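Subject: Structure handover

Hello,

Here is the structure I promised to pass on. Please open it first, then read my notes below.

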Amino acid sequence: MKSGTEENTMDFGNMMKLMGAWNTFKRNHPKFPAFCRAVHAKGLREDSVVEIIVTTPEGEKIETSLKVKAEDLELIRNLTGMVS
């Protein structure tokens, strides 16, 4: 069993990895953070619909949509606080 200190160190290490990965993602996709800021400015609200389309290199489209719930907004707030 790990001590509380070890668990906090692991969490900190994982958080640092996540922040590094986010910074790399932002460099690779510079328009995405601006998109996120625009969505935030308009106010992503409960019952908003998020649509996602992935197009494979072969041209196949995989699509889905989801209606935002209150719990989703809480998760987004928590994630935003971690990587801001």
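Helices (H or I, at least four residues) and strands (E, at least two) are DSSP runs, numbered from the N terminus. Glutamate 71, for example, is found in helix H3.

Two points on the source. This is a predicted model, so local features need pLDDT of at least 70 and side-chain atom pairs count only at pLDDT 80 or more, while totals for chains, interfaces and linings use all residues. Residues are numbered from 1 along each chain as its sequence is written, and side-chain values use heavy atoms, with hydrogens and water left out.

Overview

The protein chain has three helices and two strands. From the N terminus on, their order is α-α-β-β-α. Confidence is given as pLDDT (the predictor's confidence in each residue, from 0 to 100). The chain averages 85, and 85% of the residues score at least 70. Confidence is lowest in helix H1 (residues 4-28), with a mean of 79. It is highest in E2, at 97.

Some terms for burial. Buried means under 20% relative accessible area, exposed over 50%, and partly exposed in between (1.4 Å probe, protein chains only). Of the 84 residues of the protein chain, 5% count as buried. Accessible areas come from the Shrake-Rupley method with a 1.4 Å probe; for residues, only the protein chains shown count as cover. The chain exposes about 7,400 Å². Carbon and sulfur atoms supply 60% of that area.

Contact means heavy atoms within 4.5 Å. Among contacts between residues at least 6 apart in sequence, 24% join residues at least 24 apart.

The two strands

Two strands pair if DSSP finds at least two bridges between them. E1 and E2 pair in the antiparallel sense, over seven bridges. Glutamate 51 has serine 65 in E2 as its bridge partner. Threonine 55 stands opposite lysine 61 in E2. The two strands form a hairpin with five residues between them. Glycine 59 sits in the turn and has a positive phi of about 95°.

Ile52, Val54, Ile62 and Leu66 form a nonpolar patch, with about 330 Å² of accessible area together. Strand E1 (49-55) and strand E2 (61-67) are the elements that give two or more residues to the patch. Patches are made of residues with over 30% relative accessible area and no salt bridge: like charges are joined within 9 Å, nonpolar side chains (Val, Leu, Ile, Met, Phe, Trp, Tyr) within 5 Å. Valine 54 lies in strand E1. Why does valine 54 count as partly exposed? Because its relative accessibility is 46%.

Aspartate 47 is found in the loop between helix H2 (31-42) and E1. It has a positive phi of about 75°, although it is not a glycine. Aspartate 47 counts as exposed, because its relative accessibility is 53%.

Helix H3

A salt bridge is a side-chain nitrogen of Lys or Arg within 4 Å of a carboxyl oxygen of Asp or Glu. How many salt bridges does the structure hold? It holds one. Glutamate 74 forms it with arginine 77, and the closest N and O atoms are 3.2 Å apart. Both residues lie in helix H3 (residues 70-83), three residues apart, about one turn of the helix. Glutamate 74 is partly exposed, at 38% relative accessibility. Arginine 77 counts as exposed, at 51%.

Is leucine 73 buried or exposed? Leucine 73 is in helix H3, and it counts as buried because its relative accessibility is 14%. Not counting residues up to four places away in sequence, leucine 73 touches Leu44, Arg45, Glu46 and Val68. Leucine 73 and arginine 45 are 28 residues apart in sequence, and 7.5 Å apart in space, C-alpha to C-alpha.

Back to glutamate 71. This residue is exposed, with a relative accessible area of 58%. Glutamate 46 is 25 residues apart from it along the chain, and their C-alpha atoms are separated by 9.0 Å.

Best wishes
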